[in-house]
Amino acid sequence: MPIVEAASSAALEPVVAAVRANDLTTAKRLARQALERGLEHPMLLNLRALEAEDAGLFKQALADLRRAHLLAPRDFAILNACGVTLTRMERYNEALNCYDQALAIEPRFAPAWFNRGWALERVGEKGQAELAYAKAVELKPDHVLAWACLAFLNASRGEFKSARLQAQRALDLQPDFPTALLALAATEIDQPEQAEARLRGLLATPLTTYDRGLAFGLLGDALDAQDRPAEAFAAYAASNEELRKEVAPRFETAGQPTIAASLLQLIAWAEKLDARTWRTAPAPPGSEAGHVFLMGFPRSGTTVMESMLGQHPGIVTLEERETLHDAVLAFLDDPKDLASLADAPESRLRPLRDDYWRRVAQFGIDTKGKVFVDKNPFGTLKLPVILKLFPNARILFAIRDPRDVVLSCFRRRFGINPSTYEYLDLARTAHNYDGAMRLAELMRAKLRYAEHQLVYERLVANFEAEARATCDFIGVEWRDDLIDFAGRAQRGEVASASAAQIARGLYTGGSGHWRRYREQMAPVLPLLEPWVRRFGYPLE
């Protein structure tokens with residue numbers, strides 16, 4: 001096909017005119033028609049990619065953008081567009097690579113700095129995200145969304161003074177900008193009546209589905225702070241319903257396995273597992289001084305412990321990153337593959353172990369001479385492959401009153417993935433908790449491995465004693481300065497939904513919170529009762 005290089009070509013002139021007139025609908029249609037006639041030009045491909053994205057055809061859009069990049073490798077705007085598409089596909093590391101390439105060509109391109117911040121925030125690099133947003137507003141002081149995202153980011157980690165200033169900058173540029181108003185509401189939870197009034201006013205205006213979801217969630221927090229649990233629960237339910245509508249097409253595709261189905265598959269396998277068939281050999285020694293997996297269930301206290309351990313000079317931690325991708329695909333996607341896990345030969349395990357350490361290094365973690373703590377509360381579902389690949393690793397397992405865990409997961413606004421999608425419904429949250437605990441219990445019963453249980457309520461009651469016991473278990477000396485762990489969250493180094501609480505120090509208000517929601521939680525209490533008894537919590 002001929003490559004049309006001159007933007008003044010007769011075939012391109014109407015497209016260029018439509019773009020200059022800000023008539024993107026016409027521009028995209030004309031670009032598609034020109035490409036179908038056999039013309040090829042980066043601008044045409046970029047516009048057709050935009051049309052494909054509007055239709056949710058991200059793979060098709062990415063193919064066009066990659067072709068455009070081949071035709072114009074120094075076009076930083078096309079690299080930025082590639083990053084945006086990859087971000088929408090949740091391929092964040094690839095997206096970040098595109099943004100970095102764009103900025104290497106044109107360091108003053110504000111959209112790439114903003115989009116880089118957005119992707120960094122999605123992977124939990126909040127400190128780096130803040131720097132990227134700040135660069136965007138430095139280059140483009142009227143970038144309303146960058147100011148608003150800075151505000152919401154700082155509000156999420158408890159930096160309320162900065163959040164208010166940044167939100168006001170956004171509102172000065174565009175009054176009633178929803179993201180900025182949401183950020184302001186998040187800073188007003190200690191003045192819940194004021195936050196409630198702001199949020200109810202915002203909800204009375206046209207909002208995107210996602211913003212409505214956030215607004216209802218914050219309204220739930222404001223009502224909870226006023227001790228109005230029935231209204232708060234209704235607001236949380238409304239929030240989750242809005243968020244579910246936003247993301248359902250990604251997680252309810254016909255034939256796509258759900259976390260619930262995967263759990264049932266794992267439990268059935270674990271029930272039949274004969275420990276005599278489990279073959280393990282010590283993993284080859286690496287550069288690390290020790291290897292620890294910190295898991296349990298979200299909202300069980302893993303973030304508190306990881307924040308403390310991350311302060312230790314002899315420990316390096318990684319928070320909620322996908323390090324076991326290849327191993328999960330190799331064994332946990334298909335029942336036939338799972339059946340081969342027990343006696344999998346070293347020749348099959350070695351490449352998966354190498355892939356794990358390669359991913360750890362790609363996340364910027366240097367484990368040489370350090371105890372490496374891989375913290376991921378969702379790791380419980382991957383426990384079978386963890387024990388197979390790393391039989392000498394130590395397991396830190398977080399436990400908290402199951403009723404508080406389930407309620408907290410239902411109330412919080414997580415980044416949505418296949419696991420957290422389940423938390424948008426109370427019953428599904430409880431069933432996922434039950435499944436994860438059943439799997440962990442079966443693995444303990446069938447296999448012997450080094451595990452230390454972290455009980456959240458004991459940690460809150462006597463942090464130093466519990467933290468010392470944890471240090472002893474993983475083989476590092478206690479240091480008095482480990483108690484001051486809040487600074488990591490304040491610096492944006494905590495990725496989880498607990499960041500704002502961690503930034504304020506040890507949170508003591510979460511124990512027994514479920515009692516205020518006893519009526520709303522009644523349908524799931526019978527399912528959780530065996531675990532309440534198993535972990536030694538009072539029934540009332």
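Residues are numbered from 1 along each chain as its sequence is written. Because the model is predicted, local features need pLDDT of at least 70 and side-chain atom pairs count only at pLDDT 80 or more, while totals for chains, interfaces and linings use all residues; side-chain values use heavy atoms, with hydrogens and water left out.

The strands come first. Helices (H or I, at least four residues) and strands (E, at least two) are DSSP runs, numbered from the N terminus. A residue is called buried under 20% relative accessible area, exposed over 50% and partly exposed in between, with a 1.4 Å probe and protein chains only. Strand β1 covers residues 290–295, and 6 of its 6 residues are buried. In a regular strand the side chains alternate between the two faces of the sheet. In β1, Gly290, Val292 and Leu294 lie on one side, with His291, Phe293 and Met295 on the other. Strand β2, residues 315–319, is also mostly covered, with 5 of its 5 residues buried. From β2, Ile315, Thr317 and Glu319 point one way, and Val316 and Leu318 point the other way.

Two strands pair if DSSP finds at least two bridges between them. Strand β3, residues 371–375, is joined to β2 by 5 bridges, and the two run parallel. The bridge partner of Val292 in β4 is Arg394.

On a 1 Å grid over the protein atoms alone, a cavity is a set of points where a 1.4 Å probe fits but cannot get out; a pocket is an open set with protein on both sides within 12 Å along at least five of seven lines; and lining residues have an atom within 4 Å of a point. Grid points are joined across faces, edges and corners, and a volume is the space filled by probe spheres set on the points. By this rule there are 3 cavities of 30 Å³ or more. The largest cavity holds about 80 Å³ of space. Its lining has 13 residues, and those nearest its centre are Phe293, Leu324, Asp374, Asn376 and Gly379. β1 and β3 are the elements that give two or more residues to this lining, and the largest share, 3 residues, comes from β1.

The second largest pocket has a volume of about 360 Å³. It is lined by 20 residues, the closest to its centre being Ala283, Pro284, Gly286, Glu288 and His291. β1 and helix α19 (346–362) each supply at least two residues of that lining, with the largest share, 4 residues, from α19. Gln362 lies in α19 and is exposed, because its relative accessible area is 62%. The C-alpha atoms of Gln362 and Thr323 are separated by 9.8 Å, although the two residues are 39 apart along the chain.

Two other helices can be compared with their expected span, which is 1.5 Å times one less than the number of residues. Helix α8, residues 126–139, has 14 residues and reaches 20 Å from its first C-alpha to its last, close to the 20 Å expected. Its buried residues include Tyr133, Val137 and Leu139. Helix α23, residues 426–446, has 21 residues, and its end C-alpha atoms are 30 Å apart, which agrees with the 30 Å it should span. At the start of α23, a side-chain oxygen of Asp425 comes to within 3.1 Å of the backbone nitrogen of Ala427.

Most residues other than glycine have a negative phi. Asn22, in the loop between α1 (13–20) and α2 (24–36), has a positive phi near 60°. Asn22 is exposed, because its relative accessibility is 64%. Glu90, in the loop between α5 (76–88) and α6 (92–105), has a positive phi of about 65°. At a relative accessible area of 34%, Glu90 is partly exposed.

The cysteines come last. A disulfide is taken as a pair of cysteine sulfur atoms within 2.5 Å, and by this rule the count is 0. For Cys149, the nearest cysteine sulfur is that of Cys98, 20 Å away. Cys149 counts as buried because its relative accessibility is 6%, and Cys409 is buried at 1%.

Definitions and conventions: Polar contact = N/O pair within 3.5 Å; in protein donor to acceptor, adjacent residues only side chain to side chain.
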